[in-house]
Amino acid sequence: MTDMEALEALVGEWTSEVVMEGIDGTVRGAMSVEWLEGGGYLIQRSTADDPRFPRTVAVIGPDRSGEMIVQHYFDSRGVARIYEISLEHGVLTLSRDDEDFAQRYTGRFSDDGSTIEGAWERTEEDGTWVHDFQQT
């Protein structure tokens, strides 16, 4: 389990770069993470320069049991998802294993904490994990 204090490393303004098969070049964007006024939860927002990518907002905090940290994700396509999230030893992970769509991200912080390099994976219909896209 990751405590919320560990996720303090995400707070701030970030630029993003996505490299995805089928899309020429790098898609640039921005992400901000801030504490909800009064604390307890993080609010994450992201945008991309390419209109094929949705605008997103997410709320990160403990689940009802208090045993894990989750990200409630919403985007401009009307998609809503819940991911388990952790940040331990400089490795950020998000994952969801829903029947309709399983997905996971693993990203590593640079030594100075200014960059996170990682990739998203998803499952095929047969349950095999495959690379989805690179995200820095």
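Mentor: Let us begin with accessibility: buried means under 20% relative accessible area, exposed means over 50%, and partly exposed is what lies in between, with a 1.4 Å probe and protein chains only. This is a predicted model, in which local features need pLDDT of at least 70 and side-chain atom pairs count only at pLDDT 80 or more, while totals for chains, interfaces and linings use all residues. Residues are numbered from 1 along each chain as its sequence is written, and side-chain values use heavy atoms, with hydrogens and water left out.

Trainee: Why is Ala-9 called partly exposed?

Mentor: Ala-9 has a relative accessibility of 38%, and that value falls between the limits of 20% and 50%, so the residue counts as partly exposed. Ala-9 lies in the segment before strand 1 (12–20), where a strand is a DSSP run of E with at least two residues, numbered from the N terminus.

Trainee: What does Ala-9 touch beyond its neighbours in sequence?

Mentor: Leaving aside residues up to four places away in sequence, Ala-9 touches Trp-14, Leu-87 and Phe-109, contact meaning heavy atoms within 4.5 Å. The C-alpha atoms of Ala-9 and Gly-113 are separated by 7.4 Å, although these residues are 104 residues apart along the chain.

Trainee: Why does Gln-71 count as buried?

Mentor: Its relative accessible area is 4%, which is under 20%, and therefore Gln-71 is buried. Gln-71 has its place in strand 5 (residues 69–75).

Trainee: What makes the pairing of Gln-71 with Gln-44 a polar contact?

Mentor: The side chains of Gln-71 and Gln-44 are joined at 3.0 Å, and a polar contact is a pair of N or O atoms within 3.5 Å, where within protein one must be able to donate a hydrogen and the other to accept it, and residues adjacent in sequence count only if both atoms are side-chain atoms.

Trainee: How do you know that strand 2 and strand 3 are paired?

Mentor: Two strands pair if DSSP finds at least two bridges between them, and 7 bridges join strand 2 (residues 27–35) to strand 3 (residues 42–48), which run antiparallel. The bridge partner of Gly-29 in strand 3 is Ala-48. The closed barrel has 10 strands in the order 1-2-3-4-5-6-7-8-9-10, with antiparallel pairing.

Trainee: What makes the pair of Tyr-105 and Trp-120 tilted?

Mentor: Tyr-105 and Trp-120 lie 5.2 Å centre to centre with 40 degrees between the planes, and the pair is tilted. Tyr-105 is also buried, because its relative accessibility is 6%.

Trainee: What places Arg-96 over the face of Tyr-83?

Mentor: Arg-96 is at 5.9 Å from the ring centre, and a charge sits over a ring if NZ of Lys or CZ of Arg is within 6 Å of the ring centre and within 35 degrees of the ring normal.

Note on methods:
Helix = DSSP H or I, 4+ residues; strand = E, 2+ residues; numbered from the N terminus. Phe/Tyr/Trp six-rings, centres within 6.5 Å; stacked < 30°, edge-to-face > 60°.
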